[in-house]
Amino acid sequence: DDNDDEKNVGSFNMHIRTPGTLQQASYRHTFRIEQPNTWELIRVPFSCFEAYGGGPDMPPVLDASELRRIGIVGIGREMDVYLAMGGLRFYSVF
C-alpha cells in the first residue's frame, strides 16, 4: 500500500545527552529516511551534532567521551512509523 510507504519515510533527529545536558537540552542531528521498507546505513560523525536548548553554559561542541544516551525522534509532522535499528557502531575516520 502506497500510504504505508509514505509512513516510513521522513526526517528524524538523533539526540545525544551527556551529563552536562539539562532536561530538554541535547546535541542533535537531523537525517532523512528516503526509501520506504528498506534498510539504510546512516553514518553520523559526532562533529555533525549541534547543541540545542542548553543555554550559555552548555558546551557548543559535543564531547563524545561524555556520551550517556542516544535517542531517535520523528520530527516535522505527525506520523505512524516502523523504524528498526539493526545496530549501533562507533567508527573512526582516521
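I looked up how strand 2 (residues 26–33) is joined to strand 3, and found 3 bridges between the two, which run antiparallel. Strands here are DSSP runs of E with at least two residues, numbered from the N terminus, and two strands count as paired if DSSP finds at least two bridges between them. Within this pair, Ser-26 stands opposite Tyr-52 of strand 3.

I kept in mind that this is a predicted model, in which local features need pLDDT of at least 70 and side-chain atom pairs count only at pLDDT 80 or more, while totals for chains, interfaces and linings use all residues. Residues are numbered from 1 along each chain as its sequence is written, and side-chain values use heavy atoms, with hydrogens and water left out.

I then followed the whole sheet, which is open, has 4 strands in the order 3-2-1-4 and pairs in antiparallel fashion. Strand 3 (50–52) and strand 4 (69–74) each have a single partner strand and stand at the edges, so one side of each lacks a neighbour in the sheet.

Next I turned to Ser-11, which lies in strand 1 (residues 10–17). Its side chain makes a polar contact with the side chain of Arg-32 at 3.3 Å, where a polar contact is a pair of N or O atoms within 3.5 Å, one able to donate a hydrogen and the other to accept it, and residues adjacent in sequence count only if both atoms are side-chain atoms. I also noted that Ser-11 and Gly-74 are 63 residues apart in sequence but 6.4 Å apart in space, C-alpha to C-alpha.
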